[in-house]
Amino acid sequence: MAALTSYGVGNKVGGSPKSRIIFNDPKQPIEIFCKDKYMGYFIRGQILNVREKIYDSHFPKGYADVSYNITVLILLSESYFTDRDENPTICMDYPGFGDFYGRTKEEFINIQKENSRSTYPTLKDIHNKHVKANKPLEVKLEQLEIKNTLQLLQSIKKKKNTILLYLGIIYDSCGDGKTPQAVLEQKYHLDKIHVLPYYLKSFDRIIEDGTPSNRDLSIIFDHVHHTVYNILKHRTLSKNDCNSLIGDIAELGLRWADAEGKVSSRYLKILVAFNDKSRKHPEPYYEFYSSFFNDLVADLNAKEKIWQCLACGNIYKYKKGRKYCSLTGEGKNCSRKYYSKSYYKKNQWKIRPKAKVAMRETRALYKDKGVEK
Ligand SMILES: [Zn+2]
C-alpha cells in the first residue's frame, strides 16, 4: 500500500507536512471510499487518530501525549452489512471505528440521512464549516497498488464477505506541554513505533498503588483486535497470539533500549529467529505486528548494529556497505545478479514452479471475474 503515502495514510517516511491528515473530529475515524471495485469487491477503509498518554517515569513530566494514525483497508462484498447489535463497539472512546457503514460514499451519506441516531456526522455536518466532522476520503484504485497475494486470491475464491487488505500504524506527534517535541522524539524514541509494544505490555507490570498505567493504550489495541477478529471475521491471529507476538517484540525492544548501544550475539540470535519466523506469515494482520519489529530492525540498522539483505530479508551482524548475501560471507548469493535475465534462464527450473502456481491462480481469477489481462 505504498501509494497511500501521498495521503500520509501508509508510511510517513518521506512524507511532507502537507500530506498530514486533518481530523476535524478526533474521536471519529475518517472514512475511505473508492469509486472503482476490485475483482467485484467494493473497497472501504478507515483512518483512526489514536491520541493517548504514555506513562514512563523517565520522561521529563512522567508522561507524554502520543498520537498515532491507524489505517484499515478492506474489500467488501455486495452482500456486506454491519450488524452492530451482534458486534457492539467495545471502545467507547472511538465509537465509529470498525463499523464500515455504506459500501460507497453515496451509500454512506444516505445512511447518515436515514439514521438520525447515528454517532456519525450527518450530511449537513460534513458540509458545515462550524460543525466538527471528518470529511470522507475518496481514493483511486491505482493509488492502492493492490497486490494479488495468495492470501487475497484465496479469500476471493472462498467468496468472503470482508477481506482485510491492509492494517497499518504510523507515528503522528508527541508532546507533554513543556518539553520540545524534538527532545521527546530523539531522546525517548517516541517517534518510533517499536517503543509501543513495551508500553502496551507494561501496564500489567505496574503495581496497583495509584501509579498511572498505560491501560488506555492497551484498550485501543484490544479494539483493533475486536474489529479484525469479530467484525471483519479475519481469524488468523487470536488474542493470545497477538499478546505473545507483542510480548516477543516488546522484549526485543526493551533489551535494545537497555543494551546501551551494544548488541550481543545472544540478542542477535533471538532477533534472527523472530525474523525468520515472522516472514512465514505474509498476511495483513500479521504484518501489522511485524511493522513494530521492522521499525526496530530499521533502528538497529541505522545504528550500524545489524544489516538486512535487500533481497531475502535475512538479518546479520553489521558489515559496512553490505546489502546482499554473498556466497563467501553468508553462504548464498542474493546480489542483483539473482534477478538478471541470464541468471533466470540458467536457474528457471528452480524459480519458476513457485511463480507458475501464483500466476495460474491469478489468471483463473481474472478469467472468472471477466477482467482482461
Ligand atoms: Zn540474502
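# Briefing: fold, core and selected residues

Buried residues make up 29% of the 373 residues in the protein. The model is predicted. Its average pLDDT is 81, and 75% of the residues score at least 70. Eleven helices and seven strands are present. Among contacts with a separation of 6 or more, 63% join residues 24 or more positions apart.

**Confidence**

- Residues 5-18 have a pLDDT below 50. Beyond near neighbours in sequence, this stretch makes 21 contacts in the model.
- Where pLDDT is low, the predicted coordinates should not be read in detail.

**The five-strand sheet**

- Five strands form an open sheet in the order S4-S1-S2-S3-S5. The pairing is mixed.
- Strand S4 (137-139) and strand S5 (162-175) stand at the edges. Each has a single partner strand, so one side of each has no neighbour in the sheet.
- From one strand to the next, the twist averages 20 degrees.
- Strand S1 (residues 30-34) pairs with S4 in the parallel sense, over three bridges. Within this part of the sheet, isoleucine 32 stands opposite leucine 137 in S4.
- S2 and S3 run antiparallel and are joined by 14 bridges. Arginine 44 has isoleucine 74 in S3 as its bridge partner.
- S3 also pairs with S5, again in the antiparallel sense, over twelve bridges. Valine 72 stands opposite leucine 167 in S5.
- How enclosed is S3 by the rest of the structure? Ten of its 14 residues are buried, so S3 is largely enclosed.
- In a regular strand the side chains alternate between the two faces of the sheet.

**A helix across the sheet**

**The largest nonpolar core**

- The largest nonpolar core has 69 residues. Ile74, Ile163 and Leu164 touch the most other members.
- Helix H10 (residues 284-302) supplies the largest share of this core, with nine residues.
- Which residues does leucine 164 contact, leaving aside neighbours within four places in sequence? They are Ile74, Val228, Leu232, His234, Pro284 and Tyr285.

**Phenylalanine 108**

- Phenylalanine 108 sits in helix H1 (residues 105-114).
- Is phenylalanine 108 buried, exposed or partly exposed? It is partly exposed, because 19 other C-beta atoms lie within 10 Å, and a buried residue needs 20 or more.
- Not counting residues up to four places away in sequence, phenylalanine 108 touches Glu31, Tyr101, Gly102 and Pro136.
- Proline 136 is 28 residues from phenylalanine 108 along the chain. Their C-alpha atoms are separated by 9.5 Å.
- One of the listed contacts, Glu31, falls within the residue range of S1, 30-34.

**Lysine 269**

- Lysine 269 belongs to helix H9 (residues 265-278).
- Lysine 269 counts as exposed, because it has 10 C-beta neighbours inside 10 Å.
- Lysine 269 and lysine 317 are 48 residues apart in sequence. From C-alpha to C-alpha they are 9.9 Å apart in space.

**Two loop lysines with positive phi**

- Where does lysine 159 lie? It is in the loop between helix H4 (150-157) and S5.
- Phi of lysine 159 is near 55 degrees, a positive value in a residue other than glycine.
- Lysine 159 counts as exposed, because it has 10 C-beta neighbours inside 10 Å.
- Lysine 233 is in the loop between H7 and helix H8 (239-258).
- For lysine 233, phi is near 55 degrees, a positive value in a residue other than glycine.
- Why does lysine 233 count as exposed? It has 12 C-beta neighbours inside 10 Å, and a residue is exposed if it has 12 or fewer.

Technical notes: Residues numbered from 1 in each chain as written. Predicted model: local features only at pLDDT ≥ 70, side-chain atom pairs only at ≥ 80, totals over all residues. Helix = DSSP H or I, 4+ residues; strand = E, 2+ residues; numbered from the N terminus. Contact = placed C-beta atoms within 7 Å. Core = buried A, V, L, I, M, F, W, Y, C linked by C-beta atoms within 7 Å. Pairing = 2+ DSSP bridges. Axes fitted to C-alpha atoms, helices over the stretch in contact; angles between N-to-C directions. pLDDT = per-residue confidence, 0-100.
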